[in-house]
Amino acid sequence: LKQKLFPKHFNKKIFLHAASPFSWYVFHPLVNLSQDEYILHINECIKTIEKMEDCFLALRIRLKSFPNMTIQKIKSLLIKSDCYEIYEKGEFEDFLTCSDLLISFSSTTIEEALQVNIPVLQYDPFNRYCHIPSIKMTKTKEPKLSSVYYVSKFDDLSWSLDWIKKNHLISDNPSLDLKLDW
């Protein structure tokens, strides 16, 4: 399935980005991303992942989160790079189970990932909301393995993804049979 979904990238680490932005008329400023924050969120992930070796960013975008916009218009707001593709069709569960890591802000996708043992990076560059108990990732403190990681600054995103890739996303690590520790 991974080869079918990501034919050019199946041999890479797949980072799935999934979140649900809201229009400004929906007042959820703390727990949800606005549409412009969502685009910033993705662009910061693109900037980071395009510098990583053997990594690919799968963007799961729901058009209903962007009324009156096309996927082409949304894509025009994103940084141009070969490190990602947008996926709007297909079963989310298939994309999730074929991914190595879920990146989100706050979404039920976090709980869905944990149910199928996919680790999560909650990326909150606004440092305003920790959706679920997690290990806070900073360059100044060596983290421990966890099911959920939290990054609150763009400056820590690259280091954190690299650490997760090298320490968590390896198949021969016996300590990776993680259980939720909260």
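Lys153 and Asp156 form a salt bridge in which the closest N and O atoms are 3.9 Å apart, a salt bridge being a side-chain nitrogen of Lys or Arg within 4 Å of a carboxyl oxygen of Asp or Glu. By this rule the count comes to 3 salt bridges. The model is a predicted one, in which local features need pLDDT of at least 70 and side-chain atom pairs count only at pLDDT 80 or more, while totals for chains, interfaces and linings use all residues. Residues are numbered from 1 along each chain as its sequence is written, and side-chain values use heavy atoms, with hydrogens and water left out.

**Salt bridges**

- With a relative accessibility of 23%, Lys2 counts as partly exposed, while Asp100, at 17%, counts as buried.
- Asp162 forms a salt bridge with Lys166, where the closest N and O atoms are 3.0 Å apart, and both residues lie in helix α6 (residues 154-167), 4 residues apart, which is about one turn of the helix.
- Asp162 is partly exposed, with a relative accessible area of 30%, and Lys166 is exposed, with a relative accessible area of 55%.

**Overall fold and sheet**

- The protein has 6 helices and 7 strands, where helices (H or I, at least four residues) and strands (E, at least two) are DSSP runs numbered from the N terminus.
- Read from the N terminus, the elements run α-β-α-β-α-β-α-β-α-β-β-β-α, and 51% of the 182 residues of the protein count as buried.
- An open sheet of 7 strands has the order β3-β2-β1-β4-β5-β7-β6, with parallel pairing; its edge strands are β3 and β6 (135-136), each of which pairs on one side only, and two strands pair if DSSP finds at least two bridges between them.
- Strand β1 (residues 13-18) is mostly covered, as 5 of its 6 residues are buried.
- On one hand, β1 is joined by 6 bridges to strand β2 (residues 55-60), with the two running parallel, and Leu16 has Ala58 as its bridge partner in β2.
- On the other hand, β1 pairs with strand β4 (residues 101-104) in the parallel sense over 3 bridges, and His17 has Ile103 as its bridge partner in β4.
- Strand β5 (residues 120-123) is joined to strand β7 (residues 148-151) by 4 bridges, and these strands run parallel; the bridge partner of Gln122 in β7 is Tyr150.

**A helix residue and a strand residue**

- Phe95 has its place in helix α4 and counts as buried, at 4% relative accessibility.
- The C-alpha atoms of Phe95 and Leu16 are separated by 7.5 Å, although these residues are 79 residues apart along the chain.

**Charged surface patch**

- Glu91, Glu93, Glu111 and Glu112 form a negative surface patch; patches are made of residues with over 30% relative accessible area and no salt bridge, with like charges joined within 9 Å and nonpolar side chains (Val, Leu, Ile, Met, Phe, Trp, Tyr) within 5 Å.
- For the charges, Lys and Arg count as positive and Asp and Glu as negative, while His and the chain ends are not counted.
- Glu91 is in the loop between β3 (84-87) and α4 (92-97) and counts as exposed, at 55% relative accessibility.

**Loop residues with positive phi**

- Asp54 has a phi near 60°, a positive value in a residue other than glycine; Asp54 is found in the loop between α2 (35-49) and β2 and is partly exposed, with a relative accessible area of 45%.
- Asn117 is not a glycine either, yet has a positive phi of about 60°; Asn117 lies in the loop between α5 (108-115) and β5 and is exposed, with a relative accessible area of 63%.

Key
Accessible areas come from the Shrake-Rupley method with a 1.4 Å probe; for residues, only the protein chains shown count as cover. The place of a charge is taken as NZ of Lys, CZ of Arg, CG of Asp or CD of Glu. Buried means under 20% relative accessible area, exposed over 50%, partly exposed in between (1.4 Å probe, protein chains only).
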